[in-house]
Amino acid sequence: MNERVKKLIDALYNGKNLTLSEYEYLVSECNEENAAYAAALAVEKRKAVYGNKIFIRGLIEISSFCKNDCYYCGIRKSNKNCERYRLTREEILDCCDAGYELGFRTFVMQGGEDAFFTDDFLCEIISEIKRRYPDCAVTLSLGERSRDSYERLYNAGANRYLLRHETADETHYGKLHPPKLTLKNRMKCLYDLKEIGFQVGCGFMVGSPYQTYKTIASDLKFIEQFKPDMCGIGPFIPHKDTDFRNEKAGSLLLTCYLLSLVRLIYPNVLLPSTTALGTIDPMGREKGVLSGANVVMPNLSPMNVRKKYALYDNKISTGEEAAECKAALEKKMNAIGYKIVTERGDIKL
């Protein structure tokens with residue numbers, strides 16, 4: 001393999017930070033051989049911290065309404081073909097009840113930026129989940145909110161917040177979002193969440209339109225500096241009702257390579273093998289784990305809404321993606337030498 005690539009990957013393995021240009025070079029040299037080398041070292045680092053444990057999170061998609069018009073997203077405001085729904089308080093709690101019985105100890109409430117879900121409404125639900133299941137973590141993924149809102153949600157008992165930064169390059173951010181959405185505010189939200197005390201997750205799409213090796217290098221540099229507790233990386237998948245409908249999906253190989261690099265940059269990070277990976281390849285989830293990931297997020301949402309929460313085309317919503325098929329997911333993970341565990345799965349520092 002290329003000697004410079006090996007030196008840079010080894011530097012990450014040994015805890016060194018790279019320059020932007022070094023990250024850019026490393027990303028540009030993605031191929032099977034280099035990815036396999038990075039994966040082997042990433043798995044070693046992950047096993048040193050987490051062993052062969054795979055943490056599961058129960059995903060509850062609470063709303064497909066969104067006030068935003070992000071150019072890549074299937075539930076964007078201007079998509080007239082999107083089937084809109086909102087889960088009721090009772091439906092959300094029913095999902096948690098079912099998930100707890102299945103062995104989930106983290107519930108992830110995810111949705112579009114929907115004004116219906118006020119702080120009062122969310123705080124009451126969070127408090128009730130924590131009352132019923134004090135041994136569980138509550139994770140939120142509900143977009144950009146005010147610092148006051150984040151503080152209220154945290155004080156109600158929410159433990160974690162996922163907010164993908166999407167891209168750490170301002171120009172690239174502007175090509176993926178309408179003008180009123182800015183990278184500056186996205187980053188402010190992430191730093192507010194961290195200061196408040198949340199375990200914070202960021203992340204980005206691999207292969208999004210206008211992405212370059214340089215913009216990915218900016219993502220890696222941001223992750224190195226921000227040190228997120230969680231980092232969600234998945235391939236871009238086009239949606240038929242967006243301006244990017246004819247764009248090519250992100251690469252499985254590059255996504256897995258970047259999972260490995262992120263694991264080497266910050267060995268303690270909680271790193272999901274995403275639904276999107278499982279969508280572009282039948283073995284995508286397993287390949288993500290074999291590249292350094294250690295989290296999977298099966299869907300606890302009611303069956304009648306899973307197809308409606310369509311951020312991209314052909315999203316998997318049955319089979320191993322469905323929480324009811326947890327046993328099948330366990331079998332798949334066991335087959336590659338890993339074990340799904342029933343615990344909160346907090347970051348080890």
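Trainee: Which residue stands opposite Phe-55 in strand 9?
Mentor: That's Val-341. Keep in mind that this is a predicted model, where local features need pLDDT of at least 70, side-chain atom pairs count only at pLDDT 80 or more, and totals for chains, interfaces and linings use all residues. Numbering starts from 1 along each chain as its sequence is written, and side-chain values use heavy atoms, without hydrogens and water.
Trainee: How many bridges join strand 1 to strand 9?
Mentor: Three, between residues 53–56 of strand 1 and residues 339–341 of strand 9. Strands are DSSP runs (E, at least two residues), and pairing takes at least two bridges.
Trainee: Do they run parallel or antiparallel?
Mentor: Parallel. Strand 1 also pairs with strand 8 (residues 295–296) in the parallel sense, over two bridges.
Trainee: What stands opposite Ile-56 over in strand 8?
Mentor: Val-296 does.
Trainee: New topic: helix 10. How far apart are its end C-alpha atoms?
Mentor: They're 20 Å apart. Helix 10 covers residues 252–265, and its 14 residues should span 20 Å at 1.5 Å a residue, so the two agree. The expected span is 1.5 Å times one less than the number of residues, and a helix is a DSSP run (H or I, at least four residues).
Trainee: Why is helix 10 called largely enclosed?
Mentor: Because 13 of its 14 residues are buried, meaning under 20% relative accessible area (1.4 Å probe, protein chains only).
Trainee: And which residue caps its N-terminal end?
Mentor: Ser-251, with a side-chain oxygen 3.2 Å from the backbone nitrogen of Leu-253. Such a donor and acceptor pair of N or O atoms has to be within 3.5 Å.

Definitions and conventions: Buried means under 20% relative accessible area, exposed over 50%, partly exposed in between (1.4 Å probe, protein chains only).
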